[in-house]
Amino acid sequence: VLTTHARLLNLKEDYLSTKYVIIDEDILPMIMQTKSVSRNEVMRLIYSLQNSEDYIDGRLINKLKSIVNVNQYEFISALSDDFISYNKSVLKNHTECCKSNLFQSLSAECFYHDSERDDILFIYEKKLPECNCIILSATADKEIYSKVFNDRLSEFYDMGYLKYKGDLIIHADHTYSHDCFNQNPELMKEICERHSDCAVISFKKYAKYGGMYLGAAQGLNYLQGQNIVVAGTFHRPDYVYKLWFMQILGCIPNDVMAKRRVQRNGFSFPFMTFKDSFLQAIQLYMIESEQEQAVGRARLVSYKCTVHLYSNFPLLQGQIDCNNLQKSMYKY
């Protein structure tokens, strides 16, 4: 069976149990979703349930209380899908509008909360049906897939990469992170003026209305064959990487980011990352996936065009622009 990620997650186990499922795309972002629920909303729900004449199962109240009391990173036992479905009508009666994330938080186990914010973050994992999966990919991380899929992963084929017809030029003289642009207000203007004939894909704050931006550039083809600029290193908050780590390995990481030398894509370069090798692998996989998606909008494998990537995270087949850059920083 060759299928898409959305269809796979909805196929019945009795249909798939005797079949091999071939997946030719990266489906981890669909499976492992970072979501949030409002602490204040959960507290209001607890108050409403406790003052209700309806019969309320104590396990439901206990789960909700555990969620609002989360401090930093914590594990909370998940409620079963059957239990949540059985109590869904009661929950809807006590919420002004049904919040889908609320129900998903009840089935979650890995949580994070910072006392300075209202939102409580958690990982919602859309479990794969029982099946034998074969992964075909040029960019997916085998180590992460092996740990997420466990015995469902039958085979993993690294398809390598197709040689670009066009050129990928990497400008790594800054980090080009969110903070970097905030600290250098003229930087984006300088990049746009330098490439006035190119479409620019960058962070959402710089996108024109309806335009493409990092984090939302998947599958769009209207820039194919054109010279484009990708400006930005798409870091996620630390808690996203650590929640993934918790969900996959079942323990809380004790690690902080620092500037370390990284070996990736044939380059050795300094980068803000974690010491733990698996936590680092999660972070680099997520950053690389977003960079590849954005660069891929020009379809360099099919067209002789040029993509200028402004990032301190070099991609495979990229050529480092050494102007204003110490060559020793980025080694092949």
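In which loop does Asn265 lie? Asn265 is found in the loop between β11 (258–264) and β12. The model described here is predicted.

**Overall content**

The chain has 332 residues, and 46% of them are buried. Its secondary structure comes to 12 helices and 14 strands. Of the contacts between residues at least 6 apart in sequence, 67% join residues at least 24 apart.

**Positive phi angles**

Most residues other than glycine have a negative phi. Asn265 has a positive phi of about 55° and is not a glycine. With a relative accessible area of 19%, Asn265 is buried, because the limit for that class is under 20%. Tyr176, also a residue other than glycine, has a positive phi near 60°. Tyr176 sits in the loop between β8 (167–171) and α9 (178–183). The relative accessibility of Tyr176 is 1%, which counts as buried.

**Strand β12 and Phe271**

Strand β12 covers residues 267–273 and includes Phe271. Phe271 is buried, its relative accessible area being 1%. Leaving aside residues up to four places away in sequence, Phe271 touches Thr233, His235, Ala258, Lys259, Arg260, Val262, Gln283, Leu284, Ile287, Asn312 and Phe313. One of these, Ala258, is 13 residues from Phe271 in sequence, and the C-alpha atoms of the two are 7.9 Å apart.

Two packed helices are described by the angle between their axes and the distance between the axes.

| Helix pair | Axes come within | Crossing angle |
|---|---|---|
| α11 (residues 238–249) and α12 (residues 277–295) | 9 Å | roughly 125° |
| α8 (residues 142–149) and α12 | 10 Å | roughly 110° |

At this angle, α11 and α12 are oblique to each other, and their crossing is right-handed. On the α11 side, the contact is made by Val240, Tyr241, Lys242, Trp244, Phe245, Ile248 and Leu249. On the α12 side, it is made by Phe278, Leu279, Ile282, Gln283, Tyr285, Met286 and Ile287. By class, the residues of the contact between α11 and α12 are 12 nonpolar, 1 polar and 1 charged.

For α8 and α12, the arrangement is roughly perpendicular. Glu143, Ile144 and Lys147 of α8 meet Phe278, Ala281, Ile282 and Tyr285 of α12. The residues of the contact of α8 with α12 comprise 5 nonpolar and 2 charged, with no polar ones.

Phe278, Ile282 and Tyr285 take part in the contact with α11 and in the contact with α8. Gln283 and Ile287 belong to the contact with α11 and are also among the residues that Phe271 touches.

**Cysteines**

How many disulfides does the count come to? The count is 0 disulfides. Cys192 is in no disulfide, and the nearest cysteine sulfur, in Cys198, is 9.9 Å away. Cys192 is partly exposed, at a relative accessible area of 31%. For Cys251, the closest cysteine sulfur is that of Cys110, at 9.8 Å, which is too far for a bond. A disulfide would need the two sulfur atoms within 2.5 Å. Cys251 is partly exposed, with 34% relative accessibility.

How values were computed
Residues numbered from 1 in each chain as written. Predicted model: local features only at pLDDT ≥ 70, side-chain atom pairs only at ≥ 80, totals over all residues. Heavy atoms only, no water. Axes fitted to C-alpha atoms, helices over the stretch in contact; angles between N-to-C directions. Helix = DSSP H or I, 4+ residues; strand = E, 2+ residues; numbered from the N terminus. Parallel < 35°, antiparallel > 145°, perpendicular 65-115°, else oblique. Left-handed = near helix turned anticlockwise from the far one by under 90°. Contact = heavy atoms within 4.5 Å. Nonpolar A, V, L, I, M, F, W, Y, C, P; charged D, E, K, R; others polar. Buried < 20%, exposed > 50% of the residue type's maximum accessible area, 1.4 Å probe, protein only.
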